[in-house]
Amino acid sequence: MGKLIEGDDGLPAEIVGKWAKDKHDLLRRYIDITKSARSKYLPPDNKGGAAYIDLFCGPGRCQIEDTSEWIDGSPIVAWRQSVASNSPFTRVIVGDSDQKRVDACVTRLKALGAPVLGLHGTAKDTAFRARKSAPVYGLNLAFLDPYNLESLHFDIIEALAKIPRIDVLVHFSAMDLQRNLDVHLLAEDSAFDSFAPGWRDVVHRRSVARTREDFFEYWRNLVGTTGAYTSKDVRLITGSKNQRLYWLLLAAKHDLAHKFWSAISRSTVQGSLDL
């Protein structure tokens, strides 16, 4: 988590890499392509509702590193797109471990008229509250964008997957896996244990690429035990020097959600899964 800076609107903001625009574009596309499905749960014809959940929300405003360009954070992107798609979320649930980031994000969302609920705490701690606050008969979307694999505790996905209708877009740190898997294989206590419980009983040292593949597949299968299986289509986001940064993938219970994700993830030009 980087330091906060003053945003162009006077509220706290943070600095991000330009690749943040790629993941925000995919988030926009997914919200737009699912608008017809979501609208079926919205008033006045249906009162089921639709929540957007972002438990690593940040302050809601970012400056692109080494530039003067300002962009919205993911919760603002999501709310604006739902409005533009004429299928606005009936609740926006944001959380962060830093109170200043939560407060700034909530302030920005309220200024846009979003029905926002702010939660302070780690994503592991706020996931249960987010689940309880989401419309149980609605169609919901979660965006999990952690700083590293350790922050994406498996309990988060387990909690959210208990919502009957939820799609989860997940940021999986390829850089963290690439840099640190060998270290964690040898460590007695691994930060990866909370991310993928039981992984060291299955994943063993082989070739570098094969070991990473085993770990990734183990985690995907573990997610599938919650009832929300992961997409076959995985989008690799790369940095300015073409270094692997993270994968974006979908975990969802319904085939239609996977068809939507496949349509937008294949229409973009960044890389695919490459271990």
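Here are some questions and answers on this predicted model.

Q: How many disulfides does a search of the whole structure find?
A: A disulfide is a covalent bond between the sulfur atoms of two cysteines. To count as one here, the two sulfurs must be within 2.5 Å. For Cys57, the closest cysteine sulfur is in Cys105 at 4.1 Å, so that's too far for a bond. Over the whole structure, the search comes up with zero.

Q: How far is the sulfur of Cys62 from the closest cysteine sulfur?
A: Cys62 is buried, with a relative accessible area of 5%. The closest cysteine sulfur belongs to Cys105, but it's too far away for a bond. The distance is 9.6 Å.

Q: Which strands stand at the edges of the open sheet?
A: Four strands make up this sheet, with mixed pairing, in the order β1-β2-β4-β5. An edge strand here has a single partner, so one of its sides is left without a neighbour in the sheet. That applies to β1 (4–6) and β5 (70–72).

Q: In β5, what is the bridge partner of Gln63?
A: Strand β4 covers residues 61–64 and runs antiparallel to β5. Three bridges join the two strands. For Gln63, the partner in β5 is Trp70.

Q: Which helix packs on the sheet by touching β1, β2 and β4?
A: Helix α1 (residues 20–33) packs on the sheet too, but its contacts are with β2, β4 and β5, and its direction makes about 30 degrees with that of β5. The helix asked about has a direction at about 105 degrees to that of β2. Covering residues 99–111, this is helix α4.

Q: Which residue's backbone oxygen lies 2.8 Å from a polar atom of the side chain of Ser265?
A: Ser265 sits in helix α10, which spans residues 255–265. Ser265 is buried, with a relative accessible area of 9%. Leaving out residues up to four places away in sequence, Ser265 touches Leu26, Asp233 and Arg235. The backbone oxygen at 2.8 Å from its side chain's polar atom belongs to Trp261.

Terms used: Residues numbered from 1 in each chain as written. Predicted model: local features only at pLDDT ≥ 70, side-chain atom pairs only at ≥ 80, totals over all residues. Heavy atoms only, no water. Buried < 20%, exposed > 50% of the residue type's maximum accessible area, 1.4 Å probe, protein only. Pairing = 2+ DSSP bridges. Contact = heavy atoms within 4.5 Å. Axes fitted to C-alpha atoms, helices over the stretch in contact; angles between N-to-C directions. Polar contact = N/O pair within 3.5 Å; in protein donor to acceptor, adjacent residues only side chain to side chain.
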